[in-house]
Amino acid sequence: MTAQKREARAVDASPVRGDSPAITGAGMTAFANADDRSLLELLLVAAERALDDADRDPAGVDSVHVGNMAAEAFNERSGLANALVGGLGMTGVTARRIENTSASGASAFQSAVAAVASGRSDRALAVGGEKMSAADTATATEIISRITHDREYEQGVTLPSFGGLAAAAYLRGSDADRRDLARVAVKNHANASSNEYAQFRKRIAVDDVLASPAVAEPLRLYDCCPTSDGAAAVLIESGPAESDDAVRVAACESATGTHAVADRADPLEIESVRTAGERAYDAAGFGADAVDIACIHDAFTILEWLEMEELGLAPAGRAWELTRDGETDLDGALPVNPGGGLKARGHPLGATGISQVIELVWQLRGDLPDERAVDGAARGLAVNVAGFGNNAVCTLLEGDA
C-alpha cells in the first residue's frame, strides 16, 4: 500500500452500520438497446457513481470484483478488471473478473460480499456490465446459445425454446390462461415506465403482448427480455453503525442445478433457485413470509412465476393467481420487479444481478419518487439466474422500514 493510499484511507475510514456487510453506495448507467460508450467506459461510470453515492474515494477500496459474461465475444477485449482499476486510478488492490453467464453480476456481488465478510476487504466494489450491441442479432444469439448444454446446443435448442416449452407446460397444468401470462409483461412494463434507468419506458396492454411476433410458442416478443448495454456497481463495507443510508446484506447464497434441462425430472422445477433461496433464508434467519419486495430473473415471463414458486413467494402452481389478482403490482402485497425487471429495465448480462441489488437498495433507502416507490419495504430479495437455471444467486437485503 502506498503512503498516499494509507493517508487517504486514514481520512476516508468512517465506519458503517453493524458488523455484517452493508451496501453504502450504488450507481448504474441507464440500460439501452445501444450505448455509444465502450464497455470499459460504462463500467467506469457505474463504479464512479457508486463511490460518489457512498462518498468514498477510490483509494479506500481494497478489492474490485467485475461481473461480465462475454466481453471477448461481444467486444473483442479481455482484462476488464485491470483496465477498470487503472481507469479509477487504483493501485495495490485485489481485482478479478467473475463469469457466471447471465448471473455474472450477482456472482461478482457475492464475491465482494464474501471478501468483506471474511475480513479480507474492508471495502469491496462490485461492478457488472455488458455491451451486447457490438454484435449483430445473429451473432448475439449464437453467443447466448453457447451457454446451453452441448447436447442441447447440437440439437438447436435455445433459451427461448426452453421458455416456450416451460410456458406451454405450465399453462397446460394449471388454471392460468395465456392472458394471465401476458399480465407479467404488462406489469413490468408499467413499473419501468417511471424508471429513468429502464430500456423500455412504454406501457403495454395484454392485447399488445398477444399481438407481438411469435418467438417460441406460446411466448411472443413481449414475453422476452431484450439484449442491452449497461453497467451497475455497488460498494460493500463492514464496520460499526454510523451511516443511516447503509443497507445490510442479510445473505447472499448460490447453488448450481442440473445443467442439461432435458436431464431434469421436471422441466418446471429450477433446483438451483430453490436451493439458493433455502440457503439464503437460513443464513438470514428469516423466510419468504418476511420478504416485502422481490426482483426476479424474468428473462421470459414464465420464469417470474416459476422462480417465485421455487423461492416460496407463491404456492406451487399458483403464482399466476398473484399476478391476476394484482398482488405483485407496485401497490400489491408483494411487489415483484418494481424497476421493470429484465423484461423492461433491460438485461445487459453482466450487469443484471447488480442492477437488481441496486433496485432493492433504492427501495429500502426510500430514494425513489412516489410513483415507483414501495411503501414501508424493509426486506428485499433478488435472484439472478444463469442459463435456464443451471446456477442461481439469491440475495436478501435489510433496510429501515
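Start with the second largest cavity, which holds about 30 Å³ of space; a cavity here is a set of points on a 1 Å grid over the protein atoms alone where a 1.4 Å probe fits but cannot get out, and its volume is the space filled by probe spheres set on the points, which are joined across faces, edges and corners. This is a predicted model, in which local features need pLDDT of at least 70 and side-chain atom pairs count only at pLDDT 80 or more, while totals for chains, interfaces and linings use all residues. Residues are numbered from 1 along each chain as its sequence is written, and side-chain values use heavy atoms, with hydrogens and water left out.

Select Met28, Asn195, Tyr197, Arg345, Ser355, Ile358, Glu359 and Trp362 to display the lining of this second largest cavity, lining residues being those with an atom within 4 Å of a point. Helix H15 (residues 352–365) supplies the largest share of that lining, 4 residues; helices (H or I, at least four residues) and strands (E, at least two) are DSSP runs, numbered from the N terminus. By class, the lining has 4 nonpolar, 2 polar and 2 charged residues, where Ala, Val, Leu, Ile, Met, Phe, Trp, Tyr, Cys and Pro count as nonpolar, Asp, Glu, Lys and Arg as charged, and the others, Gly among them, as polar.

Now select strand S7, residues 229–237, which is largely enclosed by the rest of the structure because 9 of its 9 residues are buried (under 20% relative accessible area, with a 1.4 Å probe and protein chains only). Asp229, Ala231, Ala233, Leu235 and Glu237 point one way from S7, whereas Gly230, Ala232, Val234 and Ile236 point the other way. In a regular strand the side chains alternate between the two faces of the sheet.

Finish at serine 63 in strand S2 (residues 63–67), which is buried with a relative accessible area of 2%.

Methods:
Buried < 20%, exposed > 50% of the residue type's maximum accessible area, 1.4 Å probe, protein only. 1 Å grid on protein atoms, 1.4 Å probe; cavity = no way out; pocket = protein on both sides within 12 Å on 5 of 7 lines; lining within 4 Å.
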